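Hi everyone, thanks for coming.

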Amino acid sequence: GYAMRKAKDSYYYVTQQAKTEKNKMKYPFTLHEMNDPEKTKITDVPSEEVKWVDATCEYLAALDEWTIKRVQDNVWISVVKPTIEPNVDNAVNGAAENVEGFSSLPYFIQSKAKRTAKDKAVTTARKKSGFDKKIQDKMLSIALNNMIKAGATINPEFKPPKEEEEGKDEEKKNEA
């Protein structure tokens, strides 16, 4: 859906961070799942000359906390939040009407209470939906596909994370 297309557009942040990762790399390099030596090996990067070195650095960049947070926030703020906010506003307003005496409170207190409830609901929705993991999985998937296109041999034992199919987030949005 639209959120995953926006995530692809936000891959720019990953490619920028990949340049920093490339400067830190020591060869030969073995890439493991989530860059954790305890996890499954993905591929080897024997030297800086191999064609998949940039894509390997993109994978590492997609694991960088600051970089992936920028991508996640970009997609959340520009796509998801504007989509769910009207529903959350309606729910908060409806709930406020059912609270006895709420309408007699000073306006600034009503406003603050509604804003707090809305922020909490939006934050909860983000956590419960697993949104941040889905976006990171998408970034890792793009990097892996770039490695394969560049000729990397991927360990057959490595199982990449399952990706959300295009259009799935549209269905979830309509259910909200």
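Before going on, a word on what we are looking at. This is a predicted model, where local features need pLDDT of at least 70 and side-chain atom pairs count only at pLDDT 80 or more, while totals for chains, interfaces and linings use all residues. Residues are numbered from 1 along each chain as its sequence is written, and side-chain values use heavy atoms, with hydrogens and water left out.

Back to valine 79. Is valine 79 buried or exposed? Valine 79 counts as buried because its relative accessibility is 8%; buried means under 20% relative accessible area, exposed means over 50%, and partly exposed lies in between, using a 1.4 Å probe and protein chains only. If we set aside neighbours within four places in sequence, valine 79 is in contact with Tyr2, Ala3 and Lys6, contact meaning heavy atoms within 4.5 Å. Its C-alpha atom is separated by 14 Å from that of serine 129, which is 50 residues apart from valine 79 along the chain.

Now to the largest nonpolar core. By that I mean a set of buried Ala, Val, Leu, Ile, Met, Phe, Trp, Tyr and Cys residues joined through side-chain atoms within 4.5 Å. Which of its 40 residues touch the most other members? They are Tyr59, Met139 and Met147. At least two residues of this core come from each of α1 (2-9), α2, β1, β2, α3 (53-63), α4 and α6, and α4 gives the largest share, with nine residues. Look at methionine 139 for a moment: beyond its neighbours within four places in sequence, methionine 139 has contacts that include Ala7, Tyr11, Ala62 and Val71.

How do α3 and α6 lie against each other? Their axes come within 8 Å and cross at roughly 170 degrees; axes are lines fitted to C-alpha atoms, for helices over the stretch in contact, with angles from 0 to 180 degrees between N-to-C directions. The two helices, α3 and α6, are therefore roughly antiparallel, the word for angles over 145 degrees, whereas under 35 is roughly parallel, 65 to 115 roughly perpendicular and the rest oblique. Among the residues making this contact are Tyr59 and Ala62 of α3, and Met139 and Met147 of α6.

Next, helix α5. Helix α5 covers residues 107-129, so 23 residues, and spans 33 Å from its first C-alpha to its last, close to the 33 Å expected; the expected span is 1.5 Å times one less than the number of residues. Its buried residues are Gln110, Lys118, Val122 and Arg126, and what covers them includes α4 (65-97) and α6 (131-149). Just after α5, glycine 130 has a positive phi of about 70 degrees.

Finally, some backbone details. The peptide bond from tyrosine 27 to proline 28 is cis, with omega near -5 degrees, and proline 28 lies in the loop between α2 (11-24) and β1 (29-32). In the loop between β1 and β2 (41-45) we find methionine 34, whose phi is positive, near 55 degrees, though methionine 34 is not a glycine. Methionine 34 is partly exposed, at 36% relative accessible area.

Definitions and conventions: Helix = DSSP H or I, 4+ residues; strand = E, 2+ residues; numbered from the N terminus.
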